[in-house]
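Please open the model in your viewer and keep the selection panel at hand.

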Amino acid sequence: MKKDKKYHFDDKAANDAVTFIEKYLTHTKGELAKKPFILQDYQKEKIIKPLFGWKNSDGTRKFRTSFIFLPRKNGKSTLAAAIILTLMYIDNEPGAEYYSAANDRAQAALVFDTAKIMIENNPKLLKFVEIFKNSIVYNAQGSVYKAISRETGTKHGFNVSAFIYDELHGMKDDGTENLYQVLETATGSRRSPLAISITTAGFDKNSPCYKLYDYAKRVESGVIQDPQFLPVIYEAEPDDDITSPETWQKANPGLDVSLKREYMEREVLKAQTLPSYLNVFRRLHLNQWTESSTAWIPDNYLRECNGTIDDDLIEFAPCYGGLDLASTRDLTSFVLSWKIDDVIITKHWTFLPEDKANTRDGKSDNINYLEWSDYLEITPGNVTDYRYVEAKILELCGKYNVKSIAYDRWNSSQLVINLIEHGVKMSAFSMYSKSLSPPTKELEIAVMEGNFNYNNDPVIRWQFGNVAIVADSNGNIRPAKDKSTDKIDTILALIMSVGERTFTETEQPSVYRDKKGFFTI
């Protein structure tokens with residue numbers, strides 16, 4: 001046992017924690033399922049031993065807070081479950097309350113379900129506890145472990161011994177008390193409390209996670225002296241070569257163990273090929289904070305898609321529509337798209353009031369709509385005449401083999417009702433990332449591979465250049481009107497039409513399942 005005046009390292013306590021994990025806990029998924037959880041060196045030396053080995057002079061734990069910063073596929077959920085169970089089985093605190101927390105119920109369940117399976121995989125562990133749907137009770141100690149999320153009801157009244165917050169980066173700062181703060185302030189009466197956040201990077205630098213990350217970096221560098229805070233940070237530097245295995249290793253201590261090198265090779269190739277994926281790759285696999293939006297497809301790829309549309313080829317081929325209904329004083333766009341021999345072919349009819357066309361009041365591009373009059377449907381007056389739009393759509397449904405038309409469910413109008421009454425199949429389309437991401441990615445791949453034919457239409461090319469893509473923590477992407485540099489209505493309608501074909505032809509389902517005693521090592 002190493003000692004100094006205020007803190008000392010307790011070798012036995014550190015080794016007991018390692019022994020418990022490696023002797024009694026197992027992996028729960030994949031090829032290692034049910035096999036002993038043998039800690040990787042960084043897990044053992046940088047996390048488990050410091051957390052459980054460093055003590056105050058009175059024998060309580062030195063570290064009260066830890067920020068563990070790891071990219072995807074480095075075993076965060078498994079490690080989090082192991083820490084919770086180590087606390088519950090060997091901490092010997094009567095009436096302890098342990099929690100794993102997350103931003104939503106599904107994420108919160110990941111750590112809880114992993115811990116539950118670990119217990120069920122070992123009969124010796126199982127005999128000390130009772131497992132319920134949302135809690136695990138250690139009978140002899142009167143201790144309990146629960147999974148909670150931001151969606152759970154009130155969190156006040158807890159008396160928290162320790163908690164682990166999974167994927168903290170997803171927490172929003174809405175100006176109110178957040179779940180992390182509630183749990184942290186609920187540890188005040190405990191003798192040896194522990195607050196751990198374990199997360200990948202995000203894109204919101206105003207978030208609680210980024211503020212904690214910034215604090216952890218300052219502690220790590222010595223700018224801030226906080227001996228009770230344990231920072232464990234793995235990340236690539238902004239200018240590191242994303243194709244270099246050295247960069248991968250710097251950010252991913254689990255490379256070649258929990259993270260396969262072949263997987264990283266595929267992912268970096270994808271990041272080099274698809275512009276929208278680069279920031280996702282940097283964030284999820286190199287642990288770099290990125291912007292929430294990024295420019296989409298470089299114009300040179302669109303210039304390469306310079307074919308002309310053969311009307312005889314598409315006249316009787318099945319096609320799908322997308323309808324973006326903007327305000328009556330802005331662009332409304334109707335798009336048809338075909339997929340023939342892996343090529344996405346598209347035509348658009350974008351409607352604009354005559355007054356708007358004559359007085360462009362847009363943004364920095366200062367587009368002269370009248371120069372594009374051959375590519376636009378300019379309607380008389382100062383508002384878009386939806387009767388004109390309706391007549392044009394009905395005309396096109398008579399001309400082409402239109403299977404169905406997708407429209408924004410939150411921005412529908414009498415126009416949609418009228419089209420349905422005329423026998424047009426209309427399909428409400430969700431504008432959330434989960435629905436927009438697959439067709440956005442499909443369209444992106446088609447353009448990047450030269451499998452896109454838009455008849456060299458300047459309106460489509462201009463709007464492609466305006467699109468800013470936002471990505472969520474799961475890698476779903478979507479165009480964002482509020483972050484794009486100018487109009488993207490036609491591109492949104494195009495994406496809806498691609499999505500309508502994909503969802504229809506693949507027939508995807510809707511996106512809308514007597515114990516007591518003490519444990520001894």
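Which side chain does Lys347 meet in a salt bridge? Select Lys347 together with Asp311, bearing in mind that the model is a predicted one, and you will find their side chains joined in a salt bridge with an N to O distance of 2.9 Å. Lys347 belongs to strand 15 (residues 343-353) whereas Asp311 belongs to helix 12 (residues 311-314), so this contact ties together parts that lie 36 residues apart in sequence. If you colour by accessibility, Asp311 comes out as partly exposed, its relative accessible area being 40%.

Next, select helix 11 (residues 299-304), where Arg303 and Asp299 sit 4 residues apart, a separation of about one helical turn. Their side chains also meet in a salt bridge, here at 2.8 Å from N to O. Arg303 is partly exposed at a relative accessible area of 44%, and Asp299 is likewise partly exposed, with a value of 29%.

For the following stop, select Glu93 and Arg190, which form a salt bridge whose closest N and O atoms are 2.9 Å apart. This pair links distant parts of the chain, 97 residues apart: Glu93 is in the loop between helix 3 (76-90) and strand 5 (97-102), while Arg190 is in the loop between helix 6 (179-185) and strand 10 (194-199). Are these two residues buried or exposed? Both Glu93 and Arg190 are buried, that is, each has under 20% relative accessible area. The structure as a whole holds 22 salt bridges, the Glu93 to Arg190 pair being one of them.

Then leave the side chains and switch to a cartoon view, selecting the three strands that form an open, antiparallel sheet in the order 12-20-21. The edges are strand 12 (293-295) and strand 21 (477-479), each of which pairs on one side only. Neighbouring strands of this sheet are turned against each other by 35° on average, with direction ignored. Zoom in on strand 12 and strand 20 (residues 468-471), which pair in the antiparallel sense over 3 bridges, and look for Thr294, which stands opposite Ile469 in strand 20.

Note on methods:
Residues numbered from 1 in each chain as written. Predicted model: local features only at pLDDT ≥ 70, side-chain atom pairs only at ≥ 80, totals over all residues. Heavy atoms only, no water. Salt bridge = Lys/Arg side-chain N within 4 Å of Asp/Glu carboxyl O. Helix = DSSP H or I, 4+ residues; strand = E, 2+ residues; numbered from the N terminus. Buried < 20%, exposed > 50% of the residue type's maximum accessible area, 1.4 Å probe, protein only. Pairing = 2+ DSSP bridges. Axes fitted to C-alpha atoms, helices over the stretch in contact; angles between N-to-C directions.
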